[in-house]
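Thanks for coming, everyone. I'd like to walk you through one model today, looking at its cavities, its ligands and its charged pairs.

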Amino acid sequence: MPLKQLPGKAPELTAFEAGYLVSLNGGWRSIRPVIDRDRCVRCGQCYLYCPDGTISPEFSVDYGFCKGCGICAKVCLRGAITMEKETAHA
Ligand code: SF4
Ligand code: SF4
């Protein structure tokens, strides 16, 4: 079932709101989420479920804090998020 798009204001997060982590922790990530903008329908699932709050309401990933857990890719029903090896982005 397709998810509804976010209304004007994003709902509350399941984790903490993006932008509050203070210690960079993305350095030990081995894979990273890459969002395909053409497939993304802006449903907000990834934003809501990211445990580190590293996906912004505009659905971009802050790689300084993303730990590469892959939860965002798992919850994206559109298959718009691919986990890619860090070595491909070195
Ligand atoms: S990347 Fe997937 S989960 Fe995130 S907003 Fe787009 S469609 Fe939704
Ligand atoms: S891989 Fe994990 S930490 Fe990184 S954006 Fe996705 S859910 Fe958040």
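Let me start with Arg32, which is buried at a relative accessible area of 14%; buried here means under 20%, exposed over 50%, and partly exposed in between, with a 1.4 Å probe and protein chains only. Before going on, please note that this is a predicted model, where local features need pLDDT of at least 70, side-chain atom pairs count only at pLDDT 80 or more, and totals for chains, interfaces and linings use all residues. Residues are numbered from 1 along each chain as its sequence is written, chains are lettered from A and ligands numbered from 1 in the order in which they are written, and side-chain values use heavy atoms, with hydrogens and water left out.

So what does Arg32 pair with? Its side chain meets that of Glu86 in a salt bridge, 2.8 Å from N to O. By salt bridge I mean a side-chain nitrogen of Lys or Arg within 4 Å of a carboxyl oxygen of Asp or Glu. The structure holds 3 of these salt bridges. Glu86 also meets Arg29 in a salt bridge, at 2.7 Å from N to O. Arg29 lies in the segment before strand S1 (31-35) and Glu86 in the segment after strand S2 (81-85), so this pair ties together parts that are 57 residues apart in sequence. Strands here are DSSP runs of E with at least two residues, helices are runs of H or I with at least four, and both are numbered from the N terminus. Both partners of that pair are buried: Glu86 has a relative accessible area of 16%, and Arg29 is at 8%.

The remaining pair is Lys67 with Asp52, whose closest N and O atoms are 3.0 Å apart. Lys67 and Asp52 are both in the loop between helix H1 (45-49) and helix H2 (71-75), 15 residues apart. Lys67 is partly exposed, with a relative accessible area of 27%. Through shared partners, Arg29, Arg32 and Glu86 form one salt-bridge network.

Now to the cavities. How many cavities of 30 Å³ or more are there? The count comes to 2. A cavity is a set of points, on a 1 Å grid over the protein atoms alone, where a 1.4 Å probe fits but cannot get out, and lining residues have an atom within 4 Å of a point.

The largest cavity has a volume of about 100 Å³. Its lining has 13 residues, with Cys40, Cys43, Cys46, Cys76 and Ala80 nearest its centre. Ligand 1 takes up this space; a molecule sits in a cavity if more than half of its atoms lie within 2 Å of the grid points. Among the residues around ligand 1 are Ile35, Arg42, Phe59, Arg78 and Ile81, where near means a heavy atom within 4 Å.

The second largest cavity holds about 90 Å³ of space. Of its 14 lining residues, Cys50, Thr54, Cys66, Cys69 and Cys72 are closest to the centre. This is the space taken by ligand 2. Lys67, the partner of Asp52 in a salt bridge, is one of the residues that surround ligand 2.

Thanks, and I'm happy to go back to any of these views.

Conventions:
1 Å grid on protein atoms, 1.4 Å probe; cavity = no way out; pocket = protein on both sides within 12 Å on 5 of 7 lines; lining within 4 Å. Points joined across faces, edges and corners; volume = space filled by probe spheres on them.
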